[in-house]
Amino acid sequence: MNDYDLMILGAGPNGLTVANAMRDYGYKVAIFERDIEPFPDPRAMAFDDQALRILEQCGVLENYKDELLADDQLRYMDYKSNKPLLTFTPGKTKYGYYQWITFHQVELEKYLRKQLSNGNGVDAFIGWEVEEITDGTESVSLTAKNLETGEVKTFSAPYLVGSDGGQSMVRRTIASGRIDLGYSEDWYVTDTYITDEEYWDNFPSGTQFYPHPEHSILVYKGLKGHVRFDFKAGKMNMQEFEVHVKSLISRWYDVSKFNITRLSPYTFYAGTADTWRKGRLVLSGDAAHLTPPWAGQGLNSGLRDVINLIFKLDLVLKGKANERLLETYQTERLEPAKESIRGAIRSGKMVAIKNPLLIKLRNFFYYLCNRSESLKNYLLTTVVINRPPYNAGLIGNHKLSGSLSIQPEVSLPEGGIRLMDQAIGNGFALLSRKPVPDGKSSQFSQSVGGTVIYIGKDILDCEGKLNKWFNNEGVDCVLLRPDKYVFSAGKNPSQVLDEFATAWAPYAAN
């Protein structure tokens, strides 16, 4: 008999989100983490609109919203004049949230750890080091050691999720190879804190890129006095580089106002694991893929893993699906993760151009983007932040299949306005403007717990955006998966449900 329904290795934001979400699904979860305290300096610093949507679905966001800051601008700066070449000001998107919002990773991890104790369901083995993982035919077991007491115990569960970072033990156990995407750069990550409140208040908010052929700099004002500087520099020892860092900071800021807490060389790598699941072991987040930071998509991409994985684990653990459903996890997530990484690579290469002519062309392109919202949006959402739809897996044949659904505000018949996800719940849902035969609805419910949501009856399109979406796409119904990706759409809801039943048959429990 298994000790747990699911085990997770790694208590970073990715693993903690999996733990909280699966606990809320009703499962008994164990999470293991060697470090007693979260890493003292933030690494990820911004959520994008989809990540915020995912955190809302996973029950994380509601009580954490006050800890977030709507980051007002992203700027590409002229290295010499310190004047903006290109400025992005985020707004709310069709997915219901701002394009990006600043957070403080240390505080987030403390909050998520605290959330684990809200109700029964999660045992957190913090300060335990996993020494061995054994994958079996019926379950996976791991042996862990309490680093304070020396106690050694063995635990088991049907599945183990490896959210244990770039040096993942779970990935090594799987013996997964690497898909190298051809980008490796040596940078210095510098974390600083400003204690002078007046200086902090006047420090430029948001993110600032300083493109330079040899010494590109990224400056990001976070929360709680934290400012991150990422420096591209040549080979030098740490003492030399500390002097160099202070010299670079002093080009634009009063260096005496910054308390440097971390100055660390770092090699930014771009690539993914070639195998994300083997047997009962599954990778997620940095364990599955690593990206340079230039598009801010590392943690955000990991959260897209989470929302894809947890509903499939839920269906398998409930006995509604067989293990073949878990094969669709890598099928769906691998290519989008690679494209997201490629966007970060493009962004990094753009700020590090060395050819003087190409620098002038890039700056002229920035100039044009500043004067064209459509061009600016193309640069941000296609060139830099690339989140392509799924093109294989558990998806249908409509042009919308595999794309992320919009999320407008809707109102309920009894009153009250909510974002659509909150109104329709976290299961499979058919949104329909046309009636659905009772037999089709029952089959949908029995197979995957799906529900039919009637627009105009169960939810009211108070903004008109849902009906506008349907009209623009020429459909009267859309079938959404639990992760809010579109399975399929069409004019006839019965045909869409039949399409789903056919696609689901290979994954249905025997």
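In which hand does α1 pass α7, left or right? The crossing is right-handed. Before I go on, note that this is a predicted model.

Let me stay with that pair. Helix α1 covers residues 13-24 and helix α7 covers residues 298-317. Their axes come within 10 Å and cross at roughly 30°. Angles under 35 degrees count as roughly parallel, and α1 and α7 are therefore roughly parallel to each other. On the α1 side, the residues that meet α7 are Pro-13, Asn-14, Thr-17, Val-18, Ala-21 and Met-22. Their partners in α7 are Leu-299, Gly-302, Leu-303, Val-306, Ile-310, Leu-313, Asp-314 and Leu-317. By type, the residues of this contact are ten nonpolar, three polar and one charged. As for the spacing, an α-helix has 3.6 residues a turn, so residues three or four places apart point the same way.

Next, α2 against α7. Helix α2 is residues 49-57, and its axis and that of α7 come within 9 Å, crossing at roughly 40°. That angle makes α2 oblique to α7. Here the crossing is left-handed. From α2, the residues involved are Gln-50, Ala-51, Ile-54, Leu-55 and Gln-57. They meet Asn-300, Leu-303, Arg-304 and Ile-307 in α7. This contact divides into five nonpolar residues, three polar and one charged. Leu-303 is one of the α7 residues that meet α2, and it is also among those that meet α1.

Now α3, residues 105-115. How many of its eleven residues are buried? Eight are, so the helix is largely enclosed by the rest of the structure. The buried ones are Gln-105, Val-106, Leu-108, Glu-109, Tyr-111, Leu-112, Arg-113 and Gln-115.

Last, a single residue. Ser-163 sits in the loop between β11 (160-162) and α4 (169-174). Is Ser-163 buried or exposed? Its relative accessibility is 9%, and buried means under 20%, so Ser-163 counts as buried. Its side chain makes a polar contact of 2.9 Å with the side chain of Asn-14. Asn-14 is also one of the α1 residues that meet α7. Setting aside neighbours within four places in sequence, Ser-163 is in contact with Ile-8, Leu-9, Gly-10, Asn-14, Gly-15 and Ser-284.

To recap: α1 runs roughly parallel to α7, α2 is oblique to α7, and α3 is largely enclosed.

How values were computed: Residues numbered from 1 in each chain as written. Predicted model: local features only at pLDDT ≥ 70, side-chain atom pairs only at ≥ 80, totals over all residues. Heavy atoms only, no water. Helix = DSSP H or I, 4+ residues; strand = E, 2+ residues; numbered from the N terminus. Buried < 20%, exposed > 50% of the residue type's maximum accessible area, 1.4 Å probe, protein only. Polar contact = N/O pair within 3.5 Å; in protein donor to acceptor, adjacent residues only side chain to side chain. Contact = heavy atoms within 4.5 Å. Axes fitted to C-alpha atoms, helices over the stretch in contact; angles between N-to-C directions. Parallel < 35°, antiparallel > 145°, perpendicular 65-115°, else oblique. Left-handed = near helix turned anticlockwise from the far one by under 90°. Nonpolar A, V, L, I, M, F, W, Y, C, P; charged D, E, K, R; others polar.
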